[in-house]
Amino acid sequence: MAGMALNDKIPNNVDLSTDKRLQRALEKWQPNYINWWKEMGPVGHQADSVYLRTALSVESGGWANFSHVKMPDYRWGIFLEPKTADKKIGFGDNMGKPVWDEVPGEFRNALRRLIVTQGDTEPASVEQQRALGDTAPSLYDMRNLFQVNVEEGRHLWAMVYLLHRYFGRDGREEAEDLLMRRSGDEDKPRILGAFNEPTDHWLSFFLFAMFTDRDGKYQLAALAESAFDPLARTCSFMLTEEAHHLFVGETGVGRIIERTCELMKKDPNDDARAQGGVDLPTLQKYINQWYSVCLDLFGGESSSNAADSFASGLKGRYKEKKYDDHQCMEGFKEIDFVEGGKIITKEIAMRSAMNEYLREDYITDCQRAVDRWNKIISKAGISFEIRLPSSRFNRNIGNFSDYHFDPSGKMLSDVEWEAQKASFVSSEEDEIYVLSIMKPCTEPGKIANWIAPPRRGINGQPFEYEYVKKA
Ligand SMILES: [Fe+2]
Ligand SMILES: [Fe+2]
């Protein structure tokens, strides 16, 4: 594999110093990135010392190095998984041919679009979460937030490296634009809808890390199959960092549930809200909302774009190896449509159903986490079951987007929807309530009232550890 250059201005394992032009271009982009980070990254905590892990190599065990650093001094680097000799394309029309080390002219635009779309989500999430540091429920949580933030910054670096290295002038312009768009901005919004939604409080942050980062996992995994090898190797390494983000999300929600159950038992009416907690029906509404928005990120159930990406080898399925048929020329997949006010099932060509395959794997993964949450509730002796809503519910993209459904998937008229909506998704009042309990708690070892402490700390440190030292 290429040597590790950790002391370079830009730490990397891609032999950056042997390509002076590229190195200069990226070193020019670097100060703009730092300016973006200082302007749009965590507000009010840029000078704090944060117990962060920094990627120093891609080898297992060697890539996570922990120390207290100020976020703007974080060593954002470019790391790709090492190259595998004689690697072959694993699916689509070009299956069995050698993977590409350069971008084929015919797929240049499509690949650039995939990379820009993925790259855009990374700074977007940092922007969405930038105010959360001030209401962190503990120093442990504050540190996790900042860890996620700096790693999303590194993921932006990963995509910008590909743009600079493989897409010439267009790529450099796209890399500039990635620092110009702003989450939620009317004139220059981020590309995808979910990344323009505000993440105003920690309940949303945990649900974002649980559901939206998990979408990221599936998109990255599908791109890790790509015939364009530098993209595949970049995404493989990003996935190792992504696992921590999912952990933060799932255990964050789990700890809320644990605390809610404790608070319910303290209250004569089993009312967690009366005790300052997040009651389970409210949590369910937020889950309905975040999960349904994230299902949209996979795109339409039937998609010629997805078919093209698969055919050309740009984007595969999740763990492509688990399938027997990697060509998908002949098969069909049953997909639900709405026709004449009824749900009907139609067979569509497998290649056109690639979004749906990815979404189904995502749903299975989400359900596993929900099962673990439900165990916390049943262990506490409380009868309540968290449910993922039907994939028809609250959709803005795809076959169900023109209709209303309740969380069980039953079709509703406009009037029924309006009347029942407040019981499906969070209301203004819920939002005001949740914001009202987001009291910061920054004393080492202490935690806010609405969430339970974690089972263990980070990197073998106790929960009481001073994960963030105020400047
Ligand atoms: Fe990311
Ligand atoms: Fe992430």
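A residue counts as buried here if 20 or more other C-beta atoms lie within 10 Å of its own. Keep that in mind for the views below, which come from a predicted model.

View 1. You're looking at a protein chain with 11 helices and seven strands. Its radius of gyration is 23 Å, close to the 23 Å that the globule rule gives for 471 residues, so the chain is as compact as a globular protein of that length. Laid along its principal axes, the C-alpha trace spans about 70 × 60 × 40 Å. Take the contacts with a separation of 6 or more: 67% of them join residues 24 or more positions apart.

**View 2. An open sheet of three strands, E2-E1-E7.** The pairing in this sheet is antiparallel. Strands of a sheet pair through backbone hydrogen bonds. E2 (65–70) and E7 (468–469) stand at the edges with a single partner strand each, so one side of each has no neighbour in the sheet.

View 3. To get your bearings, find Ser 49, which stands opposite Lys 70 in E2.

**View 4. The largest nonpolar core, 110 residues in all.** Which residues touch the most other members of this core? They are Val 160, Phe 206, Leu 207, Ile 256 and Trp 290. As for helices, H3 gives the most to the core, with 16 residues.

**View 5. Zooming in on Val 160.** Ignore the neighbours within four places in sequence, and Val 160 is in contact with Trp 29, Gly 119, Ala 175 and Leu 178. Trp 29, one of those contacts, turns up again in the next view as a buried residue of H1.

**View 6. Helix H1 and what covers its buried residues.** H1 runs over residues 20–40, which makes 21 residues. From its first C-alpha to its last it reaches 30 Å, close to the 30 Å expected at 1.5 Å a residue. Leu 26, Trp 29 and Trp 37 are buried in this helix. What lies over the buried residues of H1? The cover includes H3 and helix H4 (168–180).

Methods:
Residues numbered from 1 in each chain as written. Chains lettered and ligands numbered in written order. Predicted model: local features only at pLDDT ≥ 70, side-chain atom pairs only at ≥ 80, totals over all residues. Helix = DSSP H or I, 4+ residues; strand = E, 2+ residues; numbered from the N terminus. Rg over C-alpha atoms; globule rule 2.2 N^0.38 Å. Contact = placed C-beta atoms within 7 Å. Pairing = 2+ DSSP bridges. Core = buried A, V, L, I, M, F, W, Y, C linked by C-beta atoms within 7 Å. Buried ≥ 20, exposed ≤ 12 C-beta atoms within 10 Å, placed from the backbone. Expected span 1.5 Å × (residues − 1).
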